[in-house]
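Subject: Structure for you to look at

Hello,

Here is the structure I said I would pass on. Please open it next to this email and follow along.

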Amino acid sequence: MRHSAGAYDNCSMGRVWLIAGLLFGLGAAVTLAAGPRPPRAPNTQPAGRRSASPVWRLKSHPTVALTFDDLPAAGGLSPDDTRLRIASTLAAELKARHIERVYGFVTADDLQDDPDSQQALRAWVDAGMNIGNHTWSHPSLNSQTAARFERQVALDEPALRQYAGKRDWRWFRYPYLEEGNTLTKRDNVRTWLRAHGYRIADVTLNFEDDDWSDPYGRCLAQHDQAGIAWLKQSYLDNAAQFIRVEREEELLAFGHEIPNVLLLHETAFTTLMLPSLLDLLQQEGFRFALLPKVEKNPAYAVDPGVGSPDGGPLPYQVLIARHLKLPPFTPEPVERLNSLCRQPPPA
Ligand SMILES: [Zn+2]
């Protein structure tokens, strides 16, 4: 599900699998998801000035910078897994594909009193990857005053300085991609970020990859191989569709496709899926690029300039601000994701 509070990423769900395992052991029913979320803004906006079917204009070789959110502790963790394994596995896969200096966005709260998370972040940086600011503890700007949110950004900085050393960490990713529910708040935070040397790490491609994380943890705990097989296939189907739809949104928002930034999360399920996802991107003709180079494109200087509780990828925000029609899409299989592997396996 997209474009709603809690929809984009979910680092608050960290370590929840351990709790889930305990509760399953007790035979208790538990709802791990944050409750039903409103669907992505439905395709009911007034018709735009441009065609809603611009597939034929997509590039043969689009560009994408990969990014990972919620370092060092995205999603749940199985009892026999570690944050260090997850970070090391992802970095090794990226390096094997010659995808370098990928940005991971850090919530330093997760480093506290957690040597595994500290080692994971060190391993990511030592593998040549970069880090940026994702606030101290991942609040939504919708629920904070601008001043409080700015303190959250500042609180994250000592850890970024410590781990990044001389590398450029002044890139900022909004939690949940929510940039301010009022225009005043939005402008206040953007001004603060600029004054403190930050660039905003806007996103163009997001397929809610972290919504597969909790069901994967449940199915893993139950050794449900059929459930895991469905998760793998539906993840790739969902990725393929939304990457295509969001490229079409760029055409509608800007009149042409722009270099992309893809949002992923550093979860255990991503370690399983990253090789297939990179294959998919390469089959679609994508070439990999560095975040700072991608965001030099003039489209990233566009500010939709509307306060909204929804946020979302930049092209989507532009379409909504201009009341342009969205391309059609099939919603994410949210009901099955939420219900999969909920029941303990038969004795
Ligand atoms: Zn996040």
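Predicted model: local features only at pLDDT ≥ 70, side-chain atom pairs only at ≥ 80, totals over all residues.

Residues are numbered from 1 along each chain as its sequence is written.

Overall picture

The protein chain has twelve helices and eight strands. Helices (H or I, at least four residues) and strands (E, at least two) are DSSP runs, numbered from the N terminus. Of the 347 residues in the protein chain, 46% are buried. A residue is buried if 20 or more other C-beta atoms lie within 10 Å of its own, exposed if 12 or fewer, and partly exposed in between, with C-beta atoms placed from the backbone. Two residues are in contact if their C-beta atoms, placed in that way, lie within 7 Å. Among contacts between residues at least 6 apart in sequence, 88% join residues at least 24 apart.

The core

In soluble globular proteins, nonpolar side chains tend to be buried together. A nonpolar core here is a set of buried Ala, Val, Leu, Ile, Met, Phe, Trp, Tyr and Cys residues joined through C-beta atoms within 7 Å. The largest one holds 78 residues, and those touching the most other members are Leu71, Ala87, Val106, Leu121, Trp124, Ile131 and Val261. Helix α8 (residues 225-254) gives this core its largest share, eight residues. Leaving aside neighbours within four places in sequence, Ile131 has contacts that include Leu71, Val106, Leu160 and Trp169.

Helix pairs

For the angles below, axes are lines fitted to C-alpha atoms, for helices over the stretch in contact, and angles run from 0 to 180 degrees between N-to-C directions. Angles under 35 degrees count as roughly parallel, over 145 as roughly antiparallel, 65 to 115 as roughly perpendicular and the rest as oblique. A crossing is left-handed if the near helix is turned anticlockwise from the far one by less than a right angle, and right-handed if clockwise. When contact residues are sorted, Ala, Val, Leu, Ile, Met, Phe, Trp, Tyr, Cys and Pro count as nonpolar, Asp, Glu, Lys and Arg as charged, and the others, Gly among them, as polar.

Start with helix α2 (residues 83-96) and helix α3 (residues 115-126), whose axes are 7 Å apart at an angle of about 15°. The two helices are therefore roughly parallel to each other. The crossing of α2 past α3 is right-handed. The residues of this contact are eight nonpolar, three polar and two charged. Among them are Arg83 and Ala87 in α2, and Asp116 and Leu121 in α3.

Asp116 is partly exposed, with 16 other C-beta atoms within 10 Å. Its C-alpha lies 5.9 Å from that of Arg83, although Asp116 and Arg83 are 33 residues apart in sequence. Apart from neighbours within four places in sequence, Asp116 is in contact with Thr82, Arg83 and Leu84.

Helix α2 also packs against helix α9 (residues 268-283): their axes come within 9 Å and cross at roughly 15°. That makes α2 roughly parallel to α9. Here the crossing is left-handed. On the α2 side the contact is made by Ile86, Thr89, Leu90 and Glu93, and on the α9 side by Ala268, Thr270, Thr271, Leu274 and Pro275.

Helices α8 and α11 (residues 314-321) have axes 8 Å apart and pack at an angle of about 45°. α8 is therefore oblique to α11. Residues in this contact include Leu252 of α8 and Leu319 of α11. Sorted by type, the contact has seven nonpolar, no polar and three charged residues. Leu252 is buried, with 22 other C-beta atoms within 10 Å.

Backbone details

The peptide bond from Leu71 to Pro72 is cis, with omega near 5°, and Pro72 sits in the loop between β1 (63-71) and α2. His98, in the loop between α2 and β2 (103-106), has a positive phi, near 60°. Leu177 also has a positive phi, near 55°. His98 is exposed, with 7 other C-beta atoms within 10 Å, whereas Leu177 is buried, with 25.

Regards
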